[in-house]
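This briefing is for a reader who is new to the structure shown below. Please keep the sequence and the 3D view at hand while reading.

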Amino acid sequence: MGLRILILGGTTEARLLAEALAARDDCDVLLSLAGRTEKPAVQPVPVRIGGFGGAMALADLLKAGGYGLLIDATHPFAERISKNAAVAAEAAAVAAIALRRPEWQRLPGDRWRDVQSIPAAIAALGQSPRRIFLASGRQGAHHAEAAPQHHYLIRSVDPVERPLRLANVEYILDRGPFTLESECTLLRRHHIDVIIAKNSGGTATYAKIEAARLLGIEVMMVARAPSPIITSVETVEAALAAIDHLFPPAMKRGV
(Lines give C-alpha, C1' and ligand atoms only; values in the text may rest on other atoms or scores of the structure.)
Protein backbone atom coordinates (compact mmCIF):
# COMPACT_ATOMS: atom_id res chain seq x y z
CA MET A 1 0.00 0.00 0.00
CA GLY A 2 1.23 3.51 -0.80
CA LEU A 3 1.45 6.57 1.38
CA ARG A 4 -1.89 7.48 3.00
CA ILE A 5 -2.58 11.23 2.80
CA LEU A 6 -5.34 13.23 4.47
CA ILE A 7 -6.01 16.58 2.78
CA LEU A 8 -8.03 19.18 4.65
CA GLY A 9 -9.66 20.98 1.76
CA GLY A 10 -12.35 23.34 0.59
CA THR A 11 -10.12 25.38 -1.73
CA THR A 12 -9.33 25.19 -5.44
CA GLU A 13 -5.74 24.33 -4.52
CA ALA A 14 -6.90 21.35 -2.45
CA ARG A 15 -8.92 20.01 -5.38
CA LEU A 16 -6.02 20.47 -7.83
CA LEU A 17 -3.58 18.79 -5.44
CA ALA A 18 -5.98 15.87 -4.93
CA GLU A 19 -6.33 15.60 -8.71
CA ALA A 20 -2.55 15.46 -9.18
CA LEU A 21 -2.15 12.84 -6.44
CA ALA A 22 -5.08 10.76 -7.75
CA ALA A 23 -3.22 10.34 -11.04
CA ARG A 24 -0.32 8.64 -9.22
CA ASP A 25 -0.16 5.03 -8.07
CA ASP A 26 1.98 5.55 -4.98
CA CYS A 27 -0.51 7.16 -2.57
CA ASP A 28 -4.00 6.78 -1.15
CA VAL A 29 -5.77 10.12 -0.65
CA LEU A 30 -8.79 11.15 1.44
CA LEU A 31 -10.08 14.72 1.10
CA SER A 32 -11.89 16.20 4.10
CA LEU A 33 -14.35 19.09 3.67
CA ALA A 34 -15.85 21.08 6.53
CA GLY A 35 -19.34 20.88 5.04
CA ARG A 36 -20.02 24.61 5.20
CA THR A 37 -20.84 24.86 1.48
CA GLU A 38 -24.21 23.35 0.57
CA LYS A 39 -23.18 22.18 -2.89
CA PRO A 40 -19.43 21.51 -2.90
CA ALA A 41 -17.63 21.05 -6.22
CA VAL A 42 -17.10 17.48 -7.47
CA GLN A 43 -13.78 16.13 -6.18
CA PRO A 44 -11.32 13.68 -7.83
CA VAL A 45 -10.74 11.48 -4.73
CA PRO A 46 -12.84 9.99 -1.90
CA VAL A 47 -14.33 12.69 0.35
CA ARG A 48 -15.41 12.90 3.98
CA ILE A 49 -17.58 15.80 5.13
CA GLY A 50 -17.79 17.36 8.58
CA GLY A 51 -15.58 18.37 11.49
CA PHE A 52 -13.40 16.09 13.59
CA GLY A 53 -14.33 17.20 17.09
CA GLY A 54 -11.07 18.94 17.90
CA ALA A 55 -7.33 18.41 17.51
CA MET A 56 -7.09 15.20 19.56
CA ALA A 57 -9.94 13.56 17.64
CA LEU A 58 -8.14 14.44 14.40
CA ALA A 59 -4.93 12.97 15.83
CA ASP A 60 -6.82 9.75 16.65
CA LEU A 61 -8.16 9.56 13.09
CA LEU A 62 -4.66 10.02 11.67
CA LYS A 63 -3.30 7.20 13.82
CA ALA A 64 -6.25 4.83 13.34
CA GLY A 65 -6.22 5.37 9.57
CA GLY A 66 -2.49 4.79 9.23
CA TYR A 67 -1.93 8.19 7.63
CA GLY A 68 1.64 9.23 6.92
CA LEU A 69 0.96 12.82 5.86
CA LEU A 70 -1.54 15.57 6.72
CA ILE A 71 -1.94 18.44 4.23
CA ASP A 72 -3.73 21.57 5.42
CA ALA A 73 -5.12 23.12 2.24
CA THR A 74 -8.01 24.93 3.91
CA HIS A 75 -8.94 28.56 3.28
CA PRO A 76 -6.31 31.04 4.57
CA PHE A 77 -8.91 32.30 7.08
CA ALA A 78 -9.93 28.86 8.44
CA GLU A 79 -7.77 29.59 11.47
CA ARG A 80 -9.23 27.09 13.95
CA ILE A 81 -8.85 24.01 11.74
CA SER A 82 -5.32 25.08 10.77
CA LYS A 83 -4.34 25.33 14.43
CA ASN A 84 -5.98 21.95 15.16
CA ALA A 85 -4.18 20.39 12.18
CA ALA A 86 -0.77 21.51 13.47
CA VAL A 87 -1.52 20.18 17.00
CA ALA A 88 -2.96 16.89 15.67
CA ALA A 89 -0.02 16.19 13.37
CA GLU A 90 2.42 16.70 16.23
CA ALA A 91 0.35 14.55 18.62
CA ALA A 92 0.06 11.73 16.07
CA ALA A 93 3.72 12.05 14.96
CA VAL A 94 2.55 12.51 11.37
CA ALA A 95 4.32 14.72 8.81
CA ALA A 96 2.37 17.89 7.90
CA ILE A 97 2.41 20.48 5.12
CA ALA A 98 0.29 23.62 4.74
CA LEU A 99 -0.67 24.70 1.21
CA ARG A 100 -1.33 28.46 1.37
CA ARG A 101 -1.77 30.64 -1.69
CA PRO A 102 0.25 33.90 -1.45
CA GLU A 103 -1.41 37.02 -0.08
CA TRP A 104 -2.44 39.81 -2.43
CA GLN A 105 0.08 42.64 -2.50
CA ARG A 106 -0.75 46.34 -2.55
CA LEU A 107 -0.18 47.91 -5.99
CA PRO A 108 0.02 51.56 -7.11
CA GLY A 109 -3.50 52.99 -7.10
CA ASP A 110 -4.81 50.68 -4.36
CA ARG A 111 -6.58 52.51 -1.52
CA TRP A 112 -6.24 49.84 1.16
CA ARG A 113 -6.75 50.28 4.87
CA ASP A 114 -5.28 47.31 6.76
CA VAL A 115 -7.52 45.91 9.51
CA GLN A 116 -7.21 42.83 11.74
CA SER A 117 -10.80 41.56 11.59
CA ILE A 118 -14.26 42.17 10.13
CA PRO A 119 -15.46 43.88 13.36
CA ALA A 120 -12.42 46.19 13.12
CA ALA A 121 -13.33 46.97 9.50
CA ILE A 122 -16.95 47.75 10.45
CA ALA A 123 -15.76 50.03 13.27
CA ALA A 124 -13.37 51.83 10.90
CA LEU A 125 -16.21 52.81 8.55
CA GLY A 126 -17.13 55.77 10.75
CA GLN A 127 -20.52 57.24 11.69
CA SER A 128 -21.57 58.74 8.35
CA PRO A 129 -23.68 56.35 6.23
CA ARG A 130 -21.65 54.63 3.51
CA ARG A 131 -22.41 52.05 0.83
CA ILE A 132 -20.48 48.90 1.71
CA PHE A 133 -19.72 45.83 -0.38
CA LEU A 134 -19.18 43.16 2.29
CA ALA A 135 -17.28 40.64 0.16
CA SER A 136 -16.06 38.36 2.93
CA GLY A 137 -18.71 35.63 2.61
CA ARG A 138 -21.49 34.78 5.04
CA GLN A 139 -19.08 33.93 7.88
CA GLY A 140 -18.91 37.16 9.83
CA ALA A 141 -21.66 39.01 7.94
CA HIS A 142 -23.57 39.46 11.22
CA HIS A 143 -20.88 41.90 12.40
CA ALA A 144 -22.54 44.49 10.12
CA GLU A 145 -25.37 44.77 12.66
CA ALA A 146 -23.00 46.77 14.88
CA ALA A 147 -23.19 49.68 12.40
CA PRO A 148 -26.75 49.75 11.02
CA GLN A 149 -26.43 53.27 9.58
CA HIS A 150 -24.67 51.95 6.45
CA HIS A 151 -26.12 50.30 3.35
CA TYR A 152 -24.69 46.81 2.83
CA LEU A 153 -24.34 44.62 -0.23
CA ILE A 154 -23.42 41.08 0.91
CA ARG A 155 -22.18 38.40 -1.49
CA SER A 156 -21.81 34.75 -0.47
CA VAL A 157 -21.92 31.27 -1.99
CA ASP A 158 -24.70 30.13 0.37
CA PRO A 159 -27.42 32.27 1.98
CA VAL A 160 -26.65 34.18 5.17
CA GLU A 161 -28.19 31.85 7.73
CA ARG A 162 -30.58 34.36 9.24
CA PRO A 163 -31.48 37.66 7.62
CA LEU A 164 -29.51 40.46 9.23
CA ARG A 165 -31.28 42.97 11.44
CA LEU A 166 -30.53 45.84 9.11
CA ALA A 167 -32.79 48.30 7.34
CA ASN A 168 -30.52 48.61 4.30
CA VAL A 169 -29.09 45.30 3.12
CA GLU A 170 -29.08 43.40 -0.18
CA TYR A 171 -27.86 39.85 -0.72
CA ILE A 172 -26.20 38.28 -3.76
CA LEU A 173 -25.63 34.53 -4.07
CA ASP A 174 -22.70 33.86 -6.40
CA ARG A 175 -19.50 31.84 -6.65
CA GLY A 176 -16.19 32.99 -8.21
CA PRO A 177 -14.26 33.30 -10.36
CA PHE A 178 -15.44 36.82 -11.15
CA THR A 179 -14.34 39.08 -14.02
CA LEU A 180 -13.05 42.63 -13.81
CA GLU A 181 -15.88 43.81 -16.08
CA SER A 182 -18.64 42.21 -13.98
CA GLU A 183 -17.13 43.52 -10.72
CA CYS A 184 -16.88 47.08 -12.09
CA THR A 185 -20.53 46.85 -13.20
CA LEU A 186 -21.60 45.58 -9.77
CA LEU A 187 -19.73 48.31 -7.88
CA ARG A 188 -21.09 51.07 -10.12
CA ARG A 189 -24.68 49.75 -10.08
CA HIS A 190 -24.76 49.71 -6.27
CA HIS A 191 -22.78 52.98 -5.88
CA ILE A 192 -20.30 51.24 -3.58
CA ASP A 193 -17.76 53.51 -1.87
CA VAL A 194 -15.94 50.94 0.31
CA ILE A 195 -15.26 47.20 0.09
CA ILE A 196 -14.58 44.93 3.07
CA ALA A 197 -12.47 41.98 1.91
CA LYS A 198 -10.28 39.28 3.42
CA ASN A 199 -6.76 38.98 2.02
CA SER A 200 -7.49 35.51 0.62
CA GLY A 201 -5.01 35.59 -2.25
CA GLY A 202 -5.55 33.66 -5.47
CA THR A 203 -7.26 34.69 -8.69
CA ALA A 204 -10.92 33.63 -8.21
CA THR A 205 -11.98 36.75 -6.27
CA TYR A 206 -9.16 39.18 -7.08
CA ALA A 207 -11.24 41.03 -9.70
CA LYS A 208 -13.03 43.05 -6.99
CA ILE A 209 -9.65 44.35 -5.81
CA GLU A 210 -8.70 45.28 -9.39
CA ALA A 211 -12.10 46.94 -9.87
CA ALA A 212 -11.66 48.97 -6.68
CA ARG A 213 -8.25 50.16 -7.91
CA LEU A 214 -9.73 51.16 -11.27
CA LEU A 215 -12.69 53.01 -9.72
CA GLY A 216 -10.76 54.58 -6.81
CA ILE A 217 -12.79 52.72 -4.16
CA GLU A 218 -11.40 52.22 -0.65
CA VAL A 219 -10.77 48.61 0.49
CA MET A 220 -10.77 47.57 4.13
CA MET A 221 -8.34 44.65 3.81
CA VAL A 222 -8.59 42.09 6.60
CA ALA A 223 -5.14 40.63 7.32
CA ARG A 224 -4.46 36.93 7.82
CA ALA A 225 -3.60 35.64 11.26
CA PRO A 226 -0.07 34.24 11.65
CA SER A 227 0.08 30.64 10.40
CA PRO A 228 0.84 27.70 12.71
CA ILE A 229 4.45 26.59 12.55
CA ILE A 230 4.31 23.78 10.02
CA THR A 231 6.08 23.67 6.67
CA SER A 232 4.18 25.94 4.28
CA VAL A 233 4.19 26.01 0.48
CA GLU A 234 2.39 28.38 -1.89
CA THR A 235 1.58 26.24 -4.95
CA VAL A 236 0.36 22.75 -5.84
CA GLU A 237 3.66 22.11 -7.62
CA ALA A 238 5.61 23.03 -4.49
CA ALA A 239 3.38 20.74 -2.41
CA LEU A 240 4.06 17.82 -4.76
CA ALA A 241 7.81 18.52 -4.56
CA ALA A 242 7.62 18.66 -0.74
CA ILE A 243 5.79 15.29 -0.67
CA ASP A 244 8.46 13.70 -2.86
CA HIS A 245 11.16 15.17 -0.64
CA LEU A 246 9.54 13.81 2.54
CA PHE A 247 8.58 10.49 0.98
CA PRO A 248 10.79 9.47 -1.97
CA PRO A 249 8.79 7.52 -4.62
CA ALA A 250 10.32 4.12 -3.77
CA MET A 251 9.42 4.59 -0.12
CA LYS A 252 5.80 5.40 -1.01
CA ARG A 253 5.47 2.18 -2.99
CA GLY A 254 6.76 0.20 -0.03
CA VAL A 255 9.84 -0.97 -1.95
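The model is a predicted one. In it, helix α2 packs against helix α3 in a right-handed crossing, and helix α1 also passes α7 in a right-handed crossing. Arg106 is partly exposed, whereas Ser156 is buried.

**Helices α2 and α3**

- Helix α2 covers residues 55-64 and helix α3 covers residues 79-92; their axes come within 8 Å and cross at roughly 50 degrees.
- This angle makes α2 oblique to α3, because angles from 65 to 115 degrees count as roughly perpendicular and those under 35 as roughly parallel.
- On the α2 side, the contact is formed by Ala55, Met56, Leu58, Ala59, Leu62 and Lys63.
- On the α3 side, the residues met are Asn84, Ala85, Val87, Ala88, Ala89, Ala91 and Ala92.
- Sorted by class, the residues of the contact of α2 with α3 are eleven nonpolar, one polar and one charged.

**Helices α1 and α7**

- Helix α1 (residues 12-22) and helix α7 (residues 236-246) pack at an angle of about 45 degrees, and their axes are 10 Å apart.
- At that angle, α1 is oblique to α7.
- From α1, the residues in the contact are Glu13, Leu16, Leu17, Ala20 and Leu21.
- From α7, the contact is made by Val236, Ala239, Leu240 and Ile243.
- The contact of α1 with α7 has eight nonpolar residues, no polar ones and one charged residue.

- Arg106 sits in the loop between β5 (95-99) and β6 (111-115).
- Its relative accessibility is 42%, so Arg106 counts as partly exposed, a class that lies between the limits of 20% and 50%.
- Apart from neighbours within four places in sequence, Arg106 is in contact with Trp112 and Asp114.
- With Asp114, the polar contact runs from side chain to side chain, at 2.7 Å.
- With Trp112, a polar atom of the Arg106 side chain lies 3.2 Å from the backbone oxygen.
- Arg213 is 107 residues away from Arg106 in sequence, and the two are 10.0 Å apart in space, C-alpha to C-alpha.

- Ser156 belongs to strand β8 (residues 151-156).
- Ser156 counts as buried because its relative accessibility is 6%, and the limit for buried is under 20%.
- A polar atom of the Ser156 side chain lies 2.6 Å from the backbone oxygen of Asp158.
- Leaving out residues up to four places away in sequence, Ser156 touches Gly137, Arg138, Ile172, Leu173 and Asp174.

**Backbone features in loops**

- The peptide bond from Gly176 to Pro177 is cis, and its omega is near 5 degrees.
- Pro177 lies in the loop between β9 (169-173) and α5 (180-189).
- Ala93 is not a glycine, yet it has a positive phi of about 55 degrees.
- Ala93 is placed in the loop between α3 and β5, and it is exposed, with a relative accessible area of 72%.
- His191, which is not a glycine either, has a positive phi of about 55 degrees.
- The loop between α5 and β10 (194-198) holds His191, and His191 is exposed, with a relative accessible area of 55%.

Methods: Residues are numbered from 1 along each chain as its sequence is written. This is a predicted model: local features need pLDDT of at least 70, side-chain atom pairs count only at pLDDT 80 or more; totals for chains, interfaces and linings use all residues. Side-chain values use heavy atoms; hydrogens and water are left out. Helices (H or I, at least four residues) and strands (E, at least two) are DSSP runs, numbered from the N terminus. Buried means under 20% relative accessible area, exposed over 50%, partly exposed in between (1.4 Å probe, protein chains only). Contact means heavy atoms within 4.5 Å. A polar contact is a pair of N or O atoms within 3.5 Å; within protein, one must be able to donate a hydrogen and the other to accept it, and residues adjacent in sequence count only if both atoms are side-chain atoms. Axes are lines fitted to C-alpha atoms, for helices over the stretch in contact, and angles run from 0 to 180 degrees between N-to-C directions. Angles under 35 degrees count as roughly parallel, over 145 as roughly antiparallel, 65 to 115 as roughly perpendicular and the rest as oblique. A crossing is left-handed if the near helix is turned anticlockwise from the far one by less than a right angle, and right-handed if clockwise. Ala, Val, Leu, Ile, Met, Phe, Trp, Tyr, Cys and Pro count as nonpolar, Asp, Glu, Lys and Arg as charged, and the others, Gly among them, as polar.
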